[in-house]
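Subject: Structure handover

Hello,

Please find the structure below, followed by notes on what was found in it.

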Amino acid sequence: MPSSVIRKMLGKRGNVIWQHANSIDKEPVKPYTEKQAVYMEHDFEMDSIDIHMIGAQLMSMVEQLALIFLKPGP
């Protein structure tokens, strides 16, 4: 199907779809990198509705995670 027909049907995105269908991709190749999940958890001794205490604990955990991300890699 000509690209002009797809473009007329789907708009600007139709041209990109036509290019990909015809093995045309102008995006640079990015090397594969393994994704790494980082998480942290904290168990409170008892249930709480103290927003300030929960917020302070959350902020502490965010700071600890930020330090992990800022640490230079191997």
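S3 sits in helix α1, residues 3–10 (helices are DSSP runs of H or I with at least four residues, strands runs of E with at least two, numbered from the N terminus). This is a predicted model: local features need pLDDT of at least 70, side-chain atom pairs count only at pLDDT 80 or more, and totals for chains, interfaces and linings use all residues. Residues are numbered from 1 along each chain as its sequence is written, and side-chain values use heavy atoms, leaving out hydrogens and water.

S3 counts as buried because its relative accessibility is 18% (buried is under 20% relative accessible area, exposed over 50%, partly exposed in between, with a 1.4 Å probe and protein chains only). Leaving aside residues up to four places away in sequence, S3 touches N15 and W18 (contact: heavy atoms within 4.5 Å).

I17 belongs to helix α2, residues 12–21. At 41% relative accessibility, I17 is partly exposed.

The C-alpha trace spans about 65 × 35 × 15 Å along its principal axes. Of the 74 residues, 8% are buried.

Regards
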